[in-house]
Amino acid sequence: MRLSRRGLLRAGLAGSAATALGGLASGCAVPTGSTGRNMVLWYWDGGLGDTVVKNARARYDSSVDLQAIKIGGYYRSKLITTMAGRAHIPDIAGLKGEDMASYLPNADQFVDLRTLGADKYKSRYLPWKWEQGIADDGRMVGFPIDCGPVAHLYQYAVFRKAGLPYEPADVSRELDTWEKFFAAGERLRQRIPGTSLLTDVNSVFENVVQQGSERYVDKDRHFIGDQEHVRNAWALAVEAKQRKIVSNLVNGTPDQLSAVEDGKLPSQLGASWATSDLKNGVPKTKGRWRVADMPVRPSNNGGSFLSVTKACREPERAFEIISWMLDAGNQAQGFVDAGLFPSTPASYDLKQVREPDEFFGGQVTMDIFGPAAQKIVVAYNSPFDIALGQPIKDEIKNVGVLGKDPDQAWSDAMSKCRRIAKHLGVSY
């Protein structure tokens with residue numbers, strides 16, 4: 001299984017990125033974006049559907065030479081470096097969802113999309129996704145591309161053999177709380193020795209946090225990673241370990257992939273894009289999988305945006321291109337091309353996203369992911385969340401993989417968070 005393109009970046013990179021953009025905000029260089037017919041779009045492999053990009057170039061060819069460039073490697077670092085250098089800055093820039101909060105404090109480096117008429121499109125997009133692209137001062141930096149609603153992916157025959165609910169509707173209904181989910185994991189292990197419901201405790205911890213409306217730092221720049229919503233997620237993750245429903249394997253390793261293929265890891269809490277990871281990583285499991293609702297309520301993992309940089313000399317035309325590329329029809333095409341789950345609910349009823357998926361036994365997976373995307377709650381994402389969430393994620397992983405004492409791990413996580421908060425100027 002390949003590493004997801006939406007994997008979270010580490011705390012050090014997050015800090016350096018924020019610093020670089022902060023320095024850029026004080027400059028006053030002449031924009032160096034497009035001239036005449038040229039307009040440059042930066043994105044990453046899989047960040048937009050190839051068909052949509054091709055059609056956009058053809059649609060606007062008479063007025064704009066749209067140069068769509070896929071940037072490899074550490075995309076955010078390259079974008080920030082280019083903007084700081086004030087040369088060869090793209091007119092339109094993709095912004096990864098996990099990085100979005102770090103761009104918002106420097107909203108003045110981007111065109112406020114509201115000034116270009118973005119508000120008239122607001123009702124067409126998921127409210128929580130729309131809000132993620134807006135800075136604290138109300139300026140709109142990012143226009144929604146995709147999102148990553150999370151569901152329960154499981155192997156039908158293994159669940160049936162274990163005497164568990166196995167039809168999607170039954171799994172959704174009967175495993176709708178964490179207690180029921182954990183109990184199912186215990187029954188699975190008892191009835192089919194050597195199996196685990198989930199790969200690791202981080203899947204529990206991160207999804208429980210993502211189910212709520214709070215993260216690690218609030219709008220007042222105060223650390224809240226020691227509060228009840230995180231403590232509850234931590235406790236549930238520890239409980240998953242203690243009840244032995246998680247494996248000792250590391251996600252993405254050959255041993256983990258073999259366990260998935262052999263039915264020893266027949267279940268995961270995965271975002272919509274994880275369906276592509278399964279297809280690419282364990283193709284021999286085609287037909288074994290089904291999709292059901294995750295316990296309690298859906299969370300989100302991933303999803304990105306398009307922005308117009310201040311270097312763009314034709315922002316109105318750039319926004320015209322963006323709003324067309326990201327309408328409901330084109331987002332549906334992006335789902336077909338690249339597994340980009342639409343942030344436009346009108347897409348969910350379109351024929352091209354409702355094809356039965358043979359990898360999932362002919363199930364129309366949109367029936368699960370579509371409603372899930374519309375139930376995700378609005379949450380404030382701080383530019384300091386990555387840096388102050390990472391020590392906690394690292395320590396719960398130590399509990400799960402290394403067997404570290406949970407109380408000591410929590411204490412160590414809080415000590416690290418205090419040091420990082422002090423360095424970042426976040427009150428603790």
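Student: What conventions apply here?
Tutor: In this predicted model, local features need pLDDT of at least 70, side-chain atom pairs count only at pLDDT 80 or more, and totals for chains, interfaces and linings use all residues. Residues are numbered from 1 along each chain as its sequence is written, and side-chain values use heavy atoms, with hydrogens and water left out.

Student: In what order do the three strands of the open sheet stand?
Tutor: Strands (E, at least two residues) and helices (H or I, at least four) are DSSP runs numbered from the N terminus, and two strands pair if DSSP finds at least two bridges between them. Here the order is 7-6-8, with antiparallel pairing. Strand 7 (267-271) and strand 8 (289-292) are at the edges with a single partner strand each, so one side of each lacks a neighbour in the sheet.

Student: How many bridges join strand 6 and strand 7?
Tutor: Strand 6 (residues 150-155) pairs with strand 7 over five bridges; Leu153 stands opposite Gln268 in strand 7.

Student: How is empty space found?
Tutor: Rolling a probe the size of a water molecule over the atoms shows where empty space is left. A cavity is a set of points, on a 1 Å grid over the protein atoms alone, where a 1.4 Å probe fits but cannot get out; lining residues have an atom within 4 Å of a point. Grid points are joined across faces, edges and corners, and a volume is the space filled by probe spheres set on the points. The structure holds one cavity of 30 Å³ or more, and the largest cavity contains about 70 Å³ of space. Among its 13 lining residues, the closest to the centre are Ile145, Leu326, Gln331, Gly334 and Leu340.

Student: Which element supplies the largest share of that lining?
Tutor: Helix 14 does, with three residues.

Terms used: 1 Å grid on protein atoms, 1.4 Å probe; cavity = no way out; pocket = protein on both sides within 12 Å on 5 of 7 lines; lining within 4 Å.
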